[in-house]
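Please examine the sequence and the model below. The account that follows leads through one part of the fold.

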Amino acid sequence: MNTESKKMKIAYCGIKGAFAANVAERIFPGEDFITYESFEGAFNAVSDGICDYGVLPIENSYAGDVIQVMDLLYFGTLYIAGIYEMPVVHNLLGIKGADIKSITKVISHPQALSQCDGFIKRHGLQSIAASNTAVAAQEVAEKNDPGLAAIAGKETARLYGLDIIEKEINDSPDNTTRFVVVSRKREPLGSKKEAFSIMLTVKDEARALARSLDTIGYYGFNMRSVKSRPSKKIPWSYYFYIECIGDADSEKGKKMAAILSEECENFRLLGCYENDIIIAE
């Protein structure tokens with residue numbers, strides 16, 4: 001009789017060596033990983049029950065929000081089980097024999113290109129967008145062109161047999177990306193509930209948003225982030241994504257949620273989870 005527990009299936013966007021893959025492997029060591037070509041594909045794999053969890057980037061400290069993922073959270077039905085931070089160090093990767101003088105084009109994910117914009121401009125390189133950093137490195141390895149380089153992490157260089165031409169080319173030395181773990185259940189991965197995320201839309205009337213923010217503050221929750229995005233349903237209407245410190249499942253949290261449910265057009269508690277956990281690259 002096989003007594004081994006069944007492995008969980010974890011979805012992420014990209015291929016092995018992508019930053020999301022590295023984060024997923026650290027959060028879920030030893031589980032099965034399934035790759036998808038888009039954020040939507042990975043998200044839907046969890047929604048449809050193909051995978052147990054998904055790991056998706058939601059924000060970068062330099063380039064800002066990953067709006068596709070924010071919209072998926074708003075329009076979808078999944079919850080946030082955890083948020084993890086990973087310091088991101090970008091390197092210029094090329095085939096053996098290539099150097100900074102031979103390189104004319106650089107390929108990577110648009111966020112990575114944005115995070116290294118200063119380096120790219122200083123060296124007069126042509127930017128080419130790829131679906132993610134690991135795909136970019138794979139393409140450089142396959143094309144074997146000394147004029148083409150990828151922007152990716154050092155682990156990606158090892159996976160695809162590339163040399164690191166230039167190290168740490170980020171415009172910001174404190175470049176960090178936050179990843180959300182999405183799930184069909186509103187349950188935290190860890191044992192603590194130290195922070196929570198909500199999404200809401202407010203009525204089209206004076207002080208509607210202010211009242212909602214006042215309600216959150218009245219019950220003692222510190223809002224560390226408030227973001228708005230077009231609702232895509234009515235022109236010039238917006239939804240708000242709010243992250244707070246505290247436990248929304250506490251008595252105060254339940255009272256807050258009850259009031260917000262009444263005074264907002266739409267209100268959804270996306271999840272309670274441990275405060276951001278830092279993962280080394």
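Predicted model: local features only at pLDDT ≥ 70, side-chain atom pairs only at ≥ 80, totals over all residues.

Helix α9 comprises 13 residues, 251-263. At 1.5 Å a residue these should span 18 Å, and the end C-alpha atoms are 19 Å apart, which agrees. Within α9, the residues G253, M256, A257, L260 and E263 are buried. Viewed down the axis of α9, these buried residues fall within an arc of 135°, so they line one face of the helix.

What do the buried residues of α9 pack against? Their partners are β12 (195-202), α8 (208-218) and β15 (264-273). The helix α9 lies across β12 and β15, and runs at about 150° to β15.

Both of these strands belong to an open sheet of four strands, in the order β13-β14-β12-β15, and the pairing is antiparallel. The edges are formed by β13 (222-230) and β15; each has a single partner strand, so one side of each is left without a neighbour in the sheet. On average, and with direction ignored, neighbouring strands of this sheet are turned by 15° against each other.

Inside the sheet, β12 is joined to β14 (residues 238-245) by six bridges, and the two strands run antiparallel. In this pairing, F196 stands opposite C244 of β14.

Note on methods: Residues numbered from 1 in each chain as written. Heavy atoms only, no water. Expected span 1.5 Å × (residues − 1). Buried < 20%, exposed > 50% of the residue type's maximum accessible area, 1.4 Å probe, protein only. Arc of directions from axis to C-beta. Contact = heavy atoms within 4.5 Å. Pairing = 2+ DSSP bridges. Axes fitted to C-alpha atoms, helices over the stretch in contact; angles between N-to-C directions.
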